[in-house]
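Hello,

Here is the structure for you to look through.

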Amino acid sequence: MKPETLDLFKKANYRQTQKNQLQLLKELKAERLTIGHNGGLFDINPTLLNLVSLLENKKYSKAVIDDRNGNPIEIETKAFMKLILDTYVQEQNYYLAEYNKIVTARSVEEILTYDD
């Protein structure tokens, strides 16, 4: 194989590996931002955070909200807000750190062997 062809193959392999690892990281983030609470399953996202924050600001101590499957779940707004906000911030920080490791890696080996 010509050196140019080999370099192109290495670059393509690097890009595909990086893309795959970033996709896996997104899936891991989605999984880690899914929590069980009071028998319901919730996806923590800005929409949920805003809803619970609004309920809390309007002085609702308890409220019924739908979980990811549309099931009505009663929550205590203050405790639930703390849980989802703490989890969201922690997981977003983790995601950013791991994302930066992947995008700054300069070889396939680095991408695949970075420390968790």
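A salt bridge here is a side-chain nitrogen of Lys or Arg within 4 Å of a carboxyl oxygen of Asp or Glu. By this rule, the count is four salt bridges.

Some background before the details. This is a predicted model, in which local features need pLDDT of at least 70 and side-chain atom pairs count only at pLDDT 80 or more, while totals for chains, interfaces and linings use all residues. Residues are numbered from 1 along each chain as its sequence is written, and side-chain values use heavy atoms, leaving out hydrogens and water.

Two more terms. Helices (H or I, at least four residues) and strands (E, at least two) are DSSP runs, numbered from the N terminus. Buried means under 20% relative accessible area, exposed means over 50%, and partly exposed is in between (1.4 Å probe, protein chains only).

E91 and R32 form a salt bridge at 2.6 Å, N to O. The pair links distant parts of the chain: E91 sits in helix α3 (residues 77-104) and R32 in helix α1 (residues 3-32), 59 residues apart. E91 is buried at 6%. R32 is partly exposed at 32%.

D43 and R68 also form a salt bridge, at 3.6 Å, N to O. D43 is in strand β2 (residues 40-43) and R68 is in the loop between β3 (62-66) and β4 (72-76), so the pair ties together parts 25 residues apart in sequence. D43 is partly exposed at 32%, and so is R68 at 45%.

K82 and D86 form a salt bridge at 2.7 Å, N to O. Both lie in helix α3, four residues apart, about one turn of the helix. K82 is exposed at 53%. D86 is partly exposed at 40%.

Best wishes
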